[in-house]
Each structure stands twice: as structure tokens, then as C-alpha cells.
Amino acid sequence: MSQFKSDFLRVLSERGYIHQVSEPEALDALAASKQITAYIGYDCTAPSLHIGHLLPTMMLYWMQQTGHRPIALMGGGTTRVGDPSGKDESRKILTEEVINENLRSIRATFSKFLKFGDSPRDAIMANNADWLNTLNYIDFLRDVGRHFSINRMLSFDSVKLRLERQQELSFLEFNYMILQAYDFVELHKRYGCVLQMGGSDQWGNIINGIDLGRRVMNAQLFALTAPLITTSSGAKMGKTAAGAVWLNADMKSPYEYWQFWRNTEDGDVERFLKLFTVLPLDEIKKLAALQGQEINEAKKTLATEATALMHGREAAELAAGTARRTFEEGALAEDLPSIEIKSSDLANGLGVLNAFVQAGLVASTSEARRQIKGGGLKVNDETVTDEKMTLGSGNLTPQSVIKLSLGRKKHVLLRPN
């Protein structure tokens, strides 16, 4: 059992969220004695968060559930710079308009996990553009920059790895860790924030903030990082052949989201149930004990519970029902993901290779050819054997769609318009 006395750290520990904590005894005693405020930073590089953001967001969720106040910090300012951690190249510079549009889109995701409002325990949505965009450079260098050692900054992995690979690191990016440290100090001033959380690759950046807080305000601040999630087979969590697993429904349908979780490897089911659902631990233990084919029931529970958190219970049950009809009953479920194609394309004959690329089931026609050789592609549940096959109106089902399948679990309907 967890050695922690505070509900906050005990829950995080028991569910597998903790990789490292600075001064764990002091943080535990503080969280056990009073409400604390903690933050996690999110950059606004896309209109949606992706599955990689889900773990930190769940940490904010449990923080609020155990009586504390979470801050979701939007990087309206730092998105203009780019975090070099784990990156081989500079981030594309986005315009102010794009950043603000992305920020508005991302806000909606947080309201599904956190309760915002004006009471002391309600979550706060902050934006570091509020203080970074108006900084005076000379004042900032004098007041903040003087506390940072270049020698020490060069020793951080995020910088060292880029230099070792002889990948260019711009001065703009080099400043990122200073700005992140300043965010921590600013949030402490504004909201009494004492803890920054993040992935384990953020440890060095967070420690910088703790150090700066001690130097400029004599404040005791804390760091808590979560493990970076890889699957049992060693793959990075959330990386699929089709690209990122987005959280916004218009970028990844609830059905596709449900399927992502349903395809979890056997060895990851218990860990993912703890991290990505709010099911009680004793219930998770029972599901994790299922063996053989029964483990699929645990995977379906994981998929439905994770989808319910993100897209609501109704969408989750609908996705589960679609999957059941498609796989177990062999029916054509109308609410499978679909794309529209021009009727004229069908009239002229749509090449099967291009059809699968358009549907997003394969990345290229050469990949489609490889899949055909291995018997992996189906049209209306019939295996494709001829790469020169064309699709026409004769392939339409009674529901006026054409069902394309990659393997047993990925399906897209073509709908002529």
C-alpha cells in the first residue's frame, strides 16, 4: 500500500501516476494539512489535445477529486517559442490568431474532466500569454535571467541530446526553460500554486522553476512527474499508423476512440484501467484477473469507460454497440466512421488503392498493395485480391455505402454525395 498520508498523493501513487516527487514527505504533509494548488502546462500547437495529454489531465482530475485546486495552464505565450524537450527540430512558429483559435478549441476538453468556477476548489484556466506577452526583455534578463547558469542549462537532456545529434537549437527554444520556470513563479504569486506536475521528460524544467522560486521569493515549491507511457511491446502510447489519437470528436470519432482503447495489448489492460478510467481499484483488480478470451471483456470495459469520460456515456455505449454489431453480429453498422466521395468518382470507377488512402485506412497506395498481398483489405467484407480493382455503383450496399475494412477492427464507410 502507499506510504502517503494525503489522499491526493495516495490516490496518485496507487493508480500509477507517480514517477518522481521532489521532497515527497514535505509535499505529503502539506497536502494532508490543507488545500494545495498545482498546475500542468499545455501548449496550443493544435486545435485538439491528443492521447498523450490525457495522463496529465487525469492527474488534475484526481487532484480536484481529493480536495485540491488544479490549474490548467494554456501556453498562449510559450507556444510562440516551442519546447525543445524530446524534439529533433524546431517547432513551427504559429500566428497569434492560430494559437488563440487552438486555445478556444482545447478549453472544451478540460471542462469534461474538471469543474471550473469561483469557489476555492474550482479549477482555474490560466494563459501564460497574460504575463509573457508583455514582458520587458531587459527587465526580464536582469530580474530572472541572472539566476540561470548556462553551464547548467547545457547539461539538461533536452539541450544535450539536440547538441549531440548536431541538430540546431535556436536561442528562442533555449529560452523555453527560463519561461517555464517563470510561469511557475508567476502562478505562485497569482494563485499560491506550490506544485508543478508533468511527464518525466519535464523534470529538469520543473526543477528550474523550484530553484527560481526559492531565489526570487524564498518560496518552497514542489515537482511531481508521471512516467512516460509506453505499451507492453515498447511502442509510444498513442502513436498509431494513422497518426495522433486526438481527443476532439471532430478529429477522432467516439467510435474510433473506443476502438483505440479496445485494441489495448493484454499486458497493458490493468495499468490503463487505473490511469485512464475512474473505476474503483477493487473492480479493476477483478477485471485484470480475467484470463484467455475473457480479457477482451476487460478491454471493452476499458474502452467504454475511457470513451465515456471523454465523449459522454451515451456516445460510449453507442460506440460499444456499433462494435458489437459489426464484429460479433456481422451487421453493417450505420454509425461506423464514414467519408463522403463524389458520385462521379464511382461512376468513373474509383481505384481500390486510392479508395483506401482516401478513407485514411492506409497512408499510401504502396502500403495498400502490401496489405492486399497479405489479405488485409476487404470491400464489403470480401477480401481484395486484385490491386487494379475499381469500385463503382455496383459495390453499393442496400444502405448506399461501400464498407472498406483494414483487418478485423478498422472500418470506414464510403458515402457517395
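Reply: In this predicted model, the buried residues of helix H13 are covered by elements that include helix H1 (7–15), helix H3 (54–65), helix H12 (254–262), helix H14 (281–288) and helix H15 (295–311). Helix H13 itself spans residues 269–276, and within this stretch Val269, Phe272, Leu273, Leu275 and Phe276 are buried.

A search of the whole structure finds 9 aromatic pairs. One of them, which lies elsewhere, joins Tyr42 and Phe110, whose ring centres are 4.7 Å apart and whose planes stand at 80°, so this pair is edge-to-face. Tyr42 belongs to strand S2 and Phe110 to helix H4 (residues 96–110), and the two are 68 residues apart in the chain; both Tyr42 and Phe110 are buried.

Because Trp261 lies in helix H12 and Phe276 in helix H13, the pair ties together parts that are 15 residues apart in sequence. Trp261 is buried, as is Phe276, and helix H12 is also among the elements that cover the buried residues of H13. Beyond this pair, Tyr257, Phe260, Trp261, Phe272 and Phe276 form one aromatic cluster, in which Phe272 and Phe276 are two of the residues listed as buried in helix H13.

Methods: Residues are numbered from 1 along each chain as its sequence is written. This is a predicted model: local features need pLDDT of at least 70, side-chain atom pairs count only at pLDDT 80 or more; totals for chains, interfaces and linings use all residues. Side-chain values use heavy atoms; hydrogens and water are left out. Buried means under 20% relative accessible area, exposed over 50%, partly exposed in between (1.4 Å probe, protein chains only). Helices (H or I, at least four residues) and strands (E, at least two) are DSSP runs, numbered from the N terminus. Contact means heavy atoms within 4.5 Å. Rings of Phe, Tyr and Trp (its six-membered ring) pair if their centres lie within 6.5 Å; planes under 30 degrees apart count as stacked, over 60 as edge-to-face and the rest as tilted.
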